Amino acid sequence: MEPRNFIYGLIDVAQRVDTPGGQGALTISFTTPLSVDYGWFAFDDQDGWFVFERSKNDTVDGVSLSADRSRATIYITDGGGFDGDGEANGVVCSVTGPALAGTQDGWLDKGGGDGGCFIRVLTPW
């Protein structure tokens, strides 16, 4: 499943953790809560795109959204399966972000426009 419309772009996370092999947590706040149509996705060279959300009471890697969807906390274990460098070296890395998901009947996109890429506003069309 390939997501689309990364409304905030991809977030390239590189964060130090207290102990090599430990879990990092990074909280991101949004000025406008994410629509319920949006899921959280990550990418790696081996698996491609995948859903990167965790259950409410889960302690494993993934993203946890606040009840009002105005904050996302990214949890990644250093050297774990979702750490982009794959090494327990005191730094967790990931490329991740909120996007619309594909379904059997097409995209869940309820907005207009052409994908929401912010780069377009920087180039003269």
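Colleague: How many residues are in the largest nonpolar core, and which have the most contacts inside it?

Modeller: Start with the general idea. In soluble globular proteins, nonpolar side chains tend to be buried together. Now this case, which is a predicted model. The largest nonpolar core has 15 residues. Those with the most contacts inside it are Phe30, Trp40, Phe52, Val63 and Ile74.

Colleague: Which strand gives the most to this core?

Modeller: Strand E6 does, with three residues. E1, E3 and E6 each supply at least two.

Colleague: How many aromatic pairs are there in the whole structure?

Modeller: A search finds seven. To read a pair, look at the angle between the ring planes: under 30 degrees counts as stacked, over 60 as edge-to-face, and the rest as tilted. Take Tyr8 and Phe30. Their ring centres are 4.9 Å apart and their planes meet at 25°, so this pair is stacked.

Colleague: Which parts of the chain does the pair of Tyr8 and Phe30 tie together?

Modeller: Tyr8 lies in the segment before strand E1 (11-16). Phe30 sits in the loop between strand E2 (23-29) and E3. The pair therefore links parts 22 residues apart in sequence.

Colleague: What kind of aromatic pair do Phe50 and Phe82 form?

Modeller: A tilted one, 5.5 Å centre to centre with 35° between the planes. Phe50 is in strand E4 (residues 48-51), and Phe82 is in the loop between strand E6 (71-77) and E7. So this pair ties together parts 32 residues apart in sequence. Phe50 counts as buried at 18% relative accessibility. Phe82, at 36%, counts as partly exposed.

Colleague: Which residues form an aromatic cluster?

Modeller: Phe6, Phe43 and Trp49 form one. Also look for a charge over a ring. Arg54 lies over the face of Tyr75, 3.7 Å from the ring centre.

Colleague: How much space lies in the largest pocket?

Modeller: About 230 Å³. Next, read the lining. The largest pocket is lined by 15 residues, and the closest to its centre are Phe43, Asp44, Asp45, Asp83 and Gly84. Strand E3 (38-44) and strand E7 (91-100) each supply at least two lining residues.

Colleague: How do the lining residues divide between nonpolar, polar and charged?

Modeller: Seven are nonpolar, five polar and three charged.

Methods. Residues numbered from 1 in each chain as written. Predicted model: local features only at pLDDT ≥ 70, side-chain atom pairs only at ≥ 80, totals over all residues. Heavy atoms only, no water. 1 Å grid on protein atoms, 1.4 Å probe; cavity = no way out; pocket = protein on both sides within 12 Å on 5 of 7 lines; lining within 4 Å. Points joined across faces, edges and corners; volume = space filled by probe spheres on them. Helix = DSSP H or I, 4+ residues; strand = E, 2+ residues; numbered from the N terminus. Nonpolar A, V, L, I, M, F, W, Y, C, P; charged D, E, K, R; others polar. Phe/Tyr/Trp six-rings, centres within 6.5 Å; stacked < 30°, edge-to-face > 60°. Buried < 20%, exposed > 50% of the residue type's maximum accessible area, 1.4 Å probe, protein only. Lys NZ or Arg CZ within 6 Å of the ring centre and 35° of its normal. Core = buried A, V, L, I, M, F, W, Y, C linked by side-chain atoms within 4.5 Å.
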